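Open the model in your viewer and keep the selection tool at hand.

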Amino acid sequence: MQWLMESGGVGLRFRACWMVQRTLGLLRSYAHVRSYNSQLSALVSATSECSNLPRCYYLPNPSPYQVWSRSFASDNGDKFEAVVPFMGESVTDGTLANFLKKPGDRVEADEPIAQIETDKVTIDVASPEAGVIEKLIASEGDTVTPGTKVAIISKSAQPAETHVAPSEEATSKESSPPKVEDKPKVEEKAPKVDPPKMQAPKPTAPSKTSPSEPQLPPKERERRVPMPRLRKRIANRLKDSQNTFAMLSTFNEVDMTNLMKLRSDYKDEFVTKHGVKLGLMSCFVKAAVSALQNQPIVNAVIDGDDIIYRDYVDISVAVGTSKGLVVPVIRDADTMNFADIEKGINNLAKKATEGALSIDDMAGGTFTISNGGVYGSLLSTPIINPPQSSILGMHSIVQRPVVVNGDILARPMMYLALTYDHRLIDGREAVFFLRRIKDVVEDPRRLLLDI
C-alpha cells in the first residue's frame, strides 16, 4: 500500500486512499471486534498521504449480511463465540433446528454444535476453537440470521462429568405419580353423579352422539409439532406448481432386456476403468439428453409472455432423504459420458444422505428425473419441479408377459411417465419425447450411432 502511495500518480494514489479508508470503515462497523490488528498502524499512517488529495467519501457496504467463517475471541483470548455462518446468496435466515451439544460438553475445532434449517438445506454451526461449551445463547426454534451468536466456547473450562439436575428431576418424577393417580379417582365419581344417561329417552340424541364418540380419538394420543422449514418449502413449491401449470401426463412402457444385458456384460470392465459402477440412471440421463435435443420445447420454459429456449441440459435428479425431497442438479449433462454422469450422481447422492448439499448444488435445472422404482412404485404421475416444464418418472422393473415376434415371453418391463406443462408442450411433442427415451433404452446402440 505504501509503495502504491509513493510510486503511483494522482489517480492511483486516490484509489489507494479510498481502499485504506474503506478497510478502516469496514473494521469500525464490526461491533464485536474488540481491537484492531497492530499491522493496521501502517494503514492508518498511510492515510496522512490522503490530505493532499481530493476528498474521497466512504460508502458503507449496502449488504445487511456479513460473511462469517470464524468467531472472534474475547479480550483475554479464552472465550469464543460460535455464530451462524453465511447461508448463501438467496437465503436470508433460518431456524435453529437443534443443538448437537449441550453446556459442559467438550468440542473440537470445526465440530458441529448446532444445525440451522433453511428453506433449501440444513447448515451446521461449527465450533471456532477446541474447548468446552460454557453456555448456549440461542434457543431451538429461534429464527436466526448470519452472524447470530449461538454459543460461548471456553478454552480453559473443564467438561462437566456429573450432573445434579438429572437426579433431582428423577426424584421429582418419582414423587409426581401419586398426584397423577388422584385424578382417576375423581373421574370414577363422575359416572355416579352423571344423570343424563338415565334421562335420555329421546331417540335423536343417542343417534347423534353415539356414532360420533368413537370417531374422535383422545387428544392425548395426538402430537402437534412445528413443520420443518424444508417441508414447508416443499409444500409451497408443489402447491405453486399445481396452481400454475396445466399439468398432463403421458405413459409408455420400456423393455429393459437389452440395457440390463449391456450392464451385465460390461459392469466389471466399467468399474476397472472408471472406478464407479455402471447403473441404470446414467443411461436414462443420456436418453433424456437425446430426447431433449430432439424436442427442444420440452427443455424450454414460459417466462411471462415469452418462451425461453435453453441450449444446454442440466438434469435434476430427485433424491429422497429423511428430512424431505431434494433435487440436486447434474450440470451440462449433454457434455458428459456415462462415467461422468455416474460419478456426478454418486457424489450428489452422498451429499444428500449426509445433509451436505449446498444451495448451488440444487440451483437451476432444466429437466427432472424422479426414480420412484427404488421404493417399489409401479406407476405414478410425478409433479413438475418449477420453473421447469416437465418431469420424467421412472418405476420398478417387473417381469411381465409381452409379445415378442409372435411369442409370449417374460420380459423385465418398466413403466415411464412424463408430466408436462400443456400450456407450452403439446401432446404430440410429449409423446415423441417419451417415445425417443423408449427407443434409446431398448436399443442403447442408438446413442452410439446417433439415430
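This is a predicted model: local features need pLDDT of at least 70, side-chain atom pairs count only at pLDDT 80 or more; totals for chains, interfaces and linings use all residues.

Residues are numbered from 1 along each chain as its sequence is written, and side-chain values use heavy atoms, leaving out hydrogens and water.

Select Arg229 and Asp93. They form a salt bridge, with the closest N and O atoms 3.0 Å apart (a side-chain nitrogen of Lys or Arg within 4 Å of a carboxyl oxygen of Asp or Glu). The pair links distant parts of the chain, 136 residues apart: Arg229 is in helix α7, Asp93 in the loop between β1 and β2. Helices (H or I, at least four residues) and strands (E, at least two) are DSSP runs, numbered from the N terminus. Arg229 is buried at 15% relative accessibility (buried is under 20% relative accessible area, exposed over 50%, partly exposed in between; 1.4 Å probe, protein chains only). Asp93 is partly exposed at 25%.

Next, select Arg400. Which residue forms a salt bridge with Arg400? Glu253 does, at 3.2 Å between the closest N and O atoms. Glu253 lies in strand β9 and Arg400 in strand β18, 147 residues apart. Arg400 is buried at 16%; Glu253 is partly exposed at 30%.

Arg400 lies over its face, 4.1 Å from the ring centre (NZ of Lys or CZ of Arg within 6 Å of the ring centre and within 35 degrees of the ring normal).

Finish with Asp421 and Arg423. Their salt bridge has its closest N and O atoms 2.8 Å apart. Asp421 is buried at 1%, while Arg423 is partly exposed at 44%.
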